[in-house]
4 protein chains.
Amino acid sequence: MLTEKDFEITTLGPCAIDSPLRRLRDVGFIEDSSRVRLQPKIGPQYADGMELSVEEAGPRERIHFEPRWSCGAVVTCGGLSPGLNNVIRSVYSELAYNYEVPRVLGVRNGYMGLNPESGLKLVELTPAYVDHIHDMGGTVLGSSRGPQDPAVIVDALVRESIDMLFCVGGDGTQRGAAKIAAEVQRRGLDKAIVGIPKTIDNDIEFVYTSFGYYTALEKAQEVLRGAHVEARCAPNGIGLVKLMGRDAGFIAAGAALASQDANFVLIPEVPVRLDGEHGFLAALEHRLATREHALVVVAEGACQDLLNRARAAETDASGNILHEDVGLFLRDEIKRYFKAKGIAINLKYLDPSYFIRSVPANSSDRILSDQMARMAVHAGMAGKTGVMIGSIHNELVHVPITTSIAHRKRVDTASDLWTAVMRSTGQPAW
Amino acid sequence: MLTEKDFEITTLGPCAIDSPLRRLRDVGFIEDSSRVRLQPKIGPQYADGMELSVEEAGPRERIHFEPRWSCGAVVTCGGLSPGLNNVIRSVYSELAYNYEVPRVLGVRNGYMGLNPESGLKLVELTPAYVDHIHDMGGTVLGSSRGPQDPAVIVDALVRESIDMLFCVGGDGTQRGAAKIAAEVQRRGLDKAIVGIPKTIDNDIEFVYTSFGYYTALEKAQEVLRGAHVEARCAPNGIGLVKLMGRDAGFIAAGAALASQDANFVLIPEVPVRLDGEHGFLAALEHRLATREHALVVVAEGACQDLLNRARAAETDASGNILHEDVGLFLRDEIKRYFKAKGIAINLKYLDPSYFIRSVPANSSDRILSDQMARMAVHAGMAGKTGVMIGSIHNELVHVPITTSIAHRKRVDTASDLWTAVMRSTGQPAW
Amino acid sequence: MLTEKDFEITTLGPCAIDSPLRRLRDVGFIEDSSRVRLQPKIGPQYADGMELSVEEAGPRERIHFEPRWSCGAVVTCGGLSPGLNNVIRSVYSELAYNYEVPRVLGVRNGYMGLNPESGLKLVELTPAYVDHIHDMGGTVLGSSRGPQDPAVIVDALVRESIDMLFCVGGDGTQRGAAKIAAEVQRRGLDKAIVGIPKTIDNDIEFVYTSFGYYTALEKAQEVLRGAHVEARCAPNGIGLVKLMGRDAGFIAAGAALASQDANFVLIPEVPVRLDGEHGFLAALEHRLATREHALVVVAEGACQDLLNRARAAETDASGNILHEDVGLFLRDEIKRYFKAKGIAINLKYLDPSYFIRSVPANSSDRILSDQMARMAVHAGMAGKTGVMIGSIHNELVHVPITTSIAHRKRVDTASDLWTAVMRSTGQPAW
Amino acid sequence: MLTEKDFEITTLGPCAIDSPLRRLRDVGFIEDSSRVRLQPKIGPQYADGMELSVEEAGPRERIHFEPRWSCGAVVTCGGLSPGLNNVIRSVYSELAYNYEVPRVLGVRNGYMGLNPESGLKLVELTPAYVDHIHDMGGTVLGSSRGPQDPAVIVDALVRESIDMLFCVGGDGTQRGAAKIAAEVQRRGLDKAIVGIPKTIDNDIEFVYTSFGYYTALEKAQEVLRGAHVEARCAPNGIGLVKLMGRDAGFIAAGAALASQDANFVLIPEVPVRLDGEHGFLAALEHRLATREHALVVVAEGACQDLLNRARAAETDASGNILHEDVGLFLRDEIKRYFKAKGIAINLKYLDPSYFIRSVPANSSDRILSDQMARMAVHAGMAGKTGVMIGSIHNELVHVPITTSIAHRKRVDTASDLWTAVMRSTGQPAW
């Protein structure tokens, strides 16, 4: 149960310095007292948590760090998401052009780049370095997975005189950022650790839409269209598409909704029964019998219970393929089912995998990543630490990292998104 | 000053019929008592209007019209916006498949298609008719501008036994819808008039993002990239791009922010001074002197005062071209300025005009138009009338049409959007 | 060894009817005596086949069939290729609008649609039916694989009074067309069978570029870009992409050349050694050691000898996965190799499969498919039969189907294409 | 009348050095005796010029310049065309990686960059410099128009020890290259001047398709689709699109053919009559009367006689707008015509202008520009000078620059391209 305490923001110390943004026009300074309600709805059914609110992000008129003597660094961790380069570029731009911070560094290959054992050097960001990167997918700084010892990281921050570290990444990255912030605090250092949430799966709590998500939908939807075309062009054609989403089905649900052509959407949040009169396979058979083609979308994390059971059953069998992935599992289950029924089908399996996440960001993600990056810089300059930029009700906010990582966002089956998926697919219950 | 009364929704009568959606899964029924606050922020500076809220949109468990005997019709009016076909398709799907309404009609060429003098016939929508339309730009029903006599329209509704009319369009269209709703009420008829907001310029109040807007940004941004490339490849290259936005600069601001390459963004909401030490032209000269290229974005409605003055001045001059449009005006002012200064420039003018609005909807607009359409159907089936689907804080809501059209949305210069534009361009005050 | 006889075109009988195209402007009638040399090069090394030539395609001033009493039908067979709908539309347009043929039919689901046992009905093509299809991927008529009894097909042609059958498909389809033409001739019927070559793999002889090929390259190249981005963003990143091309490596070679980022391209035409000092794996290791990332492209038909050997070796082993496909095989071989060496790698495997072939045609393929379709109609109206539209030296020509199917096009390792691939990748010999 | 002499290639001197390419695999060396016939067709109507042939381009086994002591430079001039960066990158790659030439320079802003008065410095090309440029539109070196004194250029070549100059540009650029080559010869210097043809309009003789052309078609076709959508969605909708093509209508013709939706295509090569019973305006009226919408494509160089006449007529009139451009002229003529007839129309005018040429190259243009660049390097290394890379019958060849610039390519109204346009539009004669 969340309480007000969960949304208290830690600040390094007093904000006694006039923001250099004051020289600029149309700045829209925000005060710390400005907050956004967690729950904008009212009504009998929305009683809980109504009083909770989150600090609004934005430039502060008085800041903690003296820009002229400050140094910021940005690190990108984990898997790719469209917009990473945009974040790097906007962190640099806001620090260098607007706050006139003289030194902005890029960390190579994730947290690993702050570990001297990696042998990696920090990159001094310059206008030339970031000039074109916003039009490219990936991250120019490189990325990597896995944690590093917080003490080693903080040593590096001290050695390199880094005042603000901007940690761009998902759950694991933010977990690391929280530990770094704690280590900084333990040593009594004056350094701000600011998280920028990145998750192609859109599964970070207090982040309504993460950058890269809509770009991924765009490409995923293209693939769905291809699968739909394939399905329609062959007798009893089935297009089966596996999409990203290990724990949350946002990409599968969103792409299916955007496509409007999907007939079945299987996500981790909704258990699926394959067999039986009301199972998925019978529903698929019915669809073919009435419409002659079908489009099935499956998130990589769906049907894990079925996979596990199949794997367990395999131990004493032999010669059969043990599936690592639900797409291939489902492909074979479908084939097996229709073969047993003596119904000829044309199944086309598509797995775009990394393709949907390695492309440049689309317009809305370019805007979102720019804004998240600039808000993170404002937070850092104001000495806020252990804080992540969140997004609720179209407002960017400050969320304590520890609060964010304590929760995981999942597709809510009562939400507009999922009910729309159910309506547009006409998918039955199983 | 808005009051609670402004957000009261008119209902035709009792909702005594069980929704057929009850047979479906994951429906997420919404009660009329569920409301969304207009202002989710709290803090000293957000005192006003805090208590106002808007009815949440969504399916009702008990509805007004008996689906089996109902008829819905959809009409698209005004200029194109990506997503119109998606709206048509989803209105049809929700009515026909989910509510099992037997007769869904399409009105040809806007309100004109309900005027018998046009000679246009209503289209009976079918699965085959709407099958592929969501992948195409424009509106299969056609559109037109201009009002029709509400009495004539209501006569048509009566003649054709249309119970629900879904009016997709902008300011003028919603104004018309309000008049039709009033005429229906005056005659004491049992017909619901529901508005679905459509504006490529994103300038309808109580609609945070209108469908088509992000698609337009995507294409506009492509054009900005082209102009930027042109500017960079020539000595003293200037890319000048005119974008849509007669009264509101959302497209210009959004595309510039997405592009990150724009140096100047001129919108209707911010007056521009061309001449003088702190004017736009001097700033442009400074940019060329220091960076050798520049990208200028101008909304079609910007600088209207300057155009008017120029036009007035032209009356006694002769032989000169009177500009109808700000793009050409600015192009010539820039040329004149640098010619007078003896500075050679390479100006490339681009005006994508209708191109950015006639493309198919991107993923987020496909999702948004689907959801708005389905919410409109829920509202209609529940007998709500004179109501428009709005969108605040990522929630779809019911807004009385009369309240919506009494206000116009403009770019707020203190908003995150505009301050981000100011930060990313580094554009000075003039 | 090809002789003049191989390029003799069979004609049904005299061309005694004035072409209705004579009423039109800029028709560019072609005479049967107009021919295109197989070999446009001269020089000591090009002595062979210099005298051979092929009949030029194009409208004839006098034709065989009386348009007013004629009927044409189009059938699409085999796998999808971008441009199929464009072919259907242009066959229809040329027949209906230009020749004013009153009845044009579409065959459902390939040759199967001409077999009464399928229960499929022929489609009467109309302006409304073909209106939008050129903007969509796939084939509106549907497709299927596998042969049908030529006698059954010819029975259908007789029953339906089809004078001209346009067979759009690859090797197998053309083989079927040749048999149908032979059966027609055996029965002494007056029916023209005309082939339109379709192969996403670009592997039909006498067809320099088949429609759909460049569209497929465009999408394949996008996927390569994604894989390259993934490879660059991780330490020792390897992007491995499997592309279509069972017998010919045109897609892999072309996409790699277009991408300019590929480091290794494995195609069926060039045997690959994996192990050993000069093998692929050592070269890949060298690449990682010097550049830290690599992009590998493999055609589905590459390394078949290695796969067969691996499969043979598997028979007595147990529990291991038997790979059906070279992409997964290569993925595992690479992992195994580096694991044995104790080198950590980040391998990302992408298999776009059907995605690259189910999209709408790009501009050049739209043009090519339009022209091939119209040329096919001209050939059919002129009573040419057993003929396929070919394309050499940017000229469309008539090739006897039997001659075409007697040869298979493969990537010539001395060609500009492959030498350019070798130059752009810097790939060594193994 | 062309003679053999027109295709003789000038060589600087003996080729006595073994090509370093001999160390590579699959090189496909070409001998100077290998030639491509100008006319691959045979038949009574193709008698002329049948014996003429052109030297085949490609790597020579023995070359003129010693790679280890050589220096090459590349210059890009005139308007943008998709593929310029690809050419720069591939010239660099072939020189640096394959020939192992130690110094490759880039000239800034066209020929101007070789004039010391410009103050521009040459750029030393490096792997990092060219790394990403093939994914971007424009030219990283910048461009400019206008000639420079050949003597000044040659002075620069001497001063900078440039052995090979690769001139990428259109008609004017090649004219300049020919003059530079002549000046080099006059001074008896050992420097190769090699032209790489660049023309978005595709109007250079002996170049079947210039790089950038198909990319431009792709974007132009997108705009046509938008205009078509606009036209269809309004009563009596007319989409009018102006496309590039000052002297040759290849873009208008190609885009219209790709689109298949154009009803009228006006190009410089075909005179247009506006008025009268058989004029364009009457045909347009007929189209609206029967089909209710129309799509008109006009090349910028079309109707110049009409514009000139209109301009002449304007001299004594007053207050009216003198059109600089045919698009606006046609727009107003159409409006005037229908206004006079009392017919309400909805005309949407689109002028994508530079948009279609500033985008990154598509796959086929990426391949073409790569190959042209590498062929140019082979020619330069072999000491060929005053030579331009041409492309006939899908073969790359060496054409003397003076021969190329003596002719201009135009749309041949008897060609497959134009007859296909006529067939697909159904456009009448006027």
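**Reading strands and chain contacts**

Biologist: Which residue in β15(C) is the bridge partner of Gly239(C)?

Modeller: Strands of a sheet pair through backbone hydrogen bonds, either parallel or antiparallel. Here the bridge partner of Gly239(C) in β15(C) is Lys348(C). This is a predicted model, in which local features need pLDDT of at least 70 and side-chain atom pairs count only at pLDDT 80 or more, while totals for chains, interfaces and linings use all residues. Residues are numbered from 1 along each chain as its sequence is written, and chains are lettered from A and ligands numbered from 1 in the order in which they are written.

Biologist: How many bridges link β12 and β15 of chain C?

Modeller: A strand is a DSSP run of E with at least two residues, a helix is a run of H or I with at least four, and both are numbered from the N terminus; two strands pair if DSSP finds at least two bridges between them. Strand β12 of chain C, residues 237-243, is joined to β15(C) by five bridges in the parallel sense.

Biologist: In what order do the strands of this sheet lie?

Modeller: The open sheet in chain C has four strands, ordered β13-β14-β12-β15, with parallel pairing. Because β13 (264-266) and β15 (346-350) of chain C stand at the edges with a single partner strand each, one side of each has no neighbour in the sheet. Neighbouring strands are turned against each other by 15 degrees on average, direction ignored, where axes are lines fitted to C-alpha atoms (for helices over the stretch in contact) and angles run from 0 to 180 degrees between N-to-C directions.

Biologist: Which strands does helix α6 of chain C touch?

Modeller: Contact means that the C-beta atoms of two residues, placed from the backbone, lie within 7 Å. Helix α6 (residues 250-259) of chain C packs on the sheet and touches β12, β13 and β14 of chain C, its direction making about 150 degrees with that of β14(C). Helix α7 (residues 280-291) of chain C also packs on the sheet, touching β13 and β14 of chain C.

Biologist: How many residues of chain B are in contact with chain A?

Modeller: In this case 57 residues of chain B are in contact with 57 residues of chain A. The side of chain B that touches chain A divides into 19 nonpolar, 23 polar and 15 charged residues, where Ala, Val, Leu, Ile, Met, Phe, Trp, Tyr, Cys and Pro count as nonpolar, Asp, Glu, Lys and Arg as charged, and the others, Gly among them, as polar.

Biologist: Which strand of chain B is joined to β4 of chain A?

Modeller: Strand β4 of chain A, residues 41-42, is joined to β3(B) by two bridges, and the strands run antiparallel. Within β3(B), Val36(B) is the bridge partner of Lys41(A).
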